[in-house]
Structure formats: structure tokens, C-alpha cells
Amino acid sequence: MNTKQAIEHVLKGKRNGMRVPAIIAAGVPLATPLKGKTPGQTIYSVLYSESKKADGLVVQVERGTFKLNPKRARSNGKAQA
């Protein structure tokens, strides 16, 4: 599972969103391609960059808290129906 799919899996079903450390703790074991010294920073970078897109995977609810974007494109690159 790639990084975006791991984030989507962790946040699915959460109405109020989750704090970044909780997303990282749950997402790192799921994201198989994450290697290196800072996989948590990689997940945070994806969260931040996706929250800046109108149809990104997540929206930032408040500082350090993200939830799935209801208008998101699917994490595999195809538009959601």
C-alpha cells in the first residue's frame, strides 16, 4: 500500500479527523514503500501537500489535525464516482 492509501485507510470513518502523530503511528506500518530515517516526515509531507489541493486526499481541520476530504480524488489516481 502506498503512502496515500495508508493515510486514507487510517482516516476512513473518522468524522472529526486525527492529529498528525496518531496518523503517523497508524500509517507507518501500513505504508510498505516507506524506507529511510524519517518515514513520519514523509507522511506529514503528503498530508500537508494534499491539504493544499482543492481535490486533495485530506483537509486540515485545525493546526495539526486532518480528516479525509469529501471532495477528494481516490488515492489510486482515478476520480471518485
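How many bridges join strand β2 to β3, and do the strands run parallel or antiparallel? Four bridges join β2 (residues 58–62) to β3, and the two strands run antiparallel. This is a predicted model.

**The hairpin**

Look at the pairing residue by residue. E62 stands opposite T65 in β3. Two residues lie between the strands of this hairpin. G64 takes a positive phi there, near 85 degrees.

**Two crossing helices**

Now turn to the helices. Helix α1 spans residues 3–11, and helix α3 spans residues 39–51. They pack at an angle of about 80 degrees, and their axes are 10 Å apart. Angles of 65 to 115 degrees count as roughly perpendicular, so α1 is roughly perpendicular to α3. On the α1 side, T3, K4 and I7 make the contact. On the α3 side, I43, V46, L47 and E50 make the contact. By class, the contact has four nonpolar, one polar and two charged residues.

**Helix α2 and its two sides**

Helix α2 covers residues 20–27. Which of its residues are buried, and which are exposed on the other side? The table sorts them.

| Side of α2 | Residues |
|---|---|
| Buried | V20, I23 and G27 |
| Exposed, on the other side | P21 and A25 |

Seen down the axis of α2, the buried residues fall within an arc of 65 degrees, so they line one face of the helix. What covers these buried residues? The cover includes helices α1 and α3, along with strands β1 (18–19) and β3 (65–68).

Conventions: Residues are numbered from 1 along each chain as its sequence is written. This is a predicted model: local features need pLDDT of at least 70, side-chain atom pairs count only at pLDDT 80 or more; totals for chains, interfaces and linings use all residues. Side-chain values use heavy atoms; hydrogens and water are left out. Axes are lines fitted to C-alpha atoms, for helices over the stretch in contact, and angles run from 0 to 180 degrees between N-to-C directions. Angles under 35 degrees count as roughly parallel, over 145 as roughly antiparallel, 65 to 115 as roughly perpendicular and the rest as oblique. Contact means heavy atoms within 4.5 Å. Ala, Val, Leu, Ile, Met, Phe, Trp, Tyr, Cys and Pro count as nonpolar, Asp, Glu, Lys and Arg as charged, and the others, Gly among them, as polar. Buried means under 20% relative accessible area, exposed over 50%, partly exposed in between (1.4 Å probe, protein chains only). The arc is that of the directions from the helix axis to the C-beta atoms. Two strands pair if DSSP finds at least two bridges between them.
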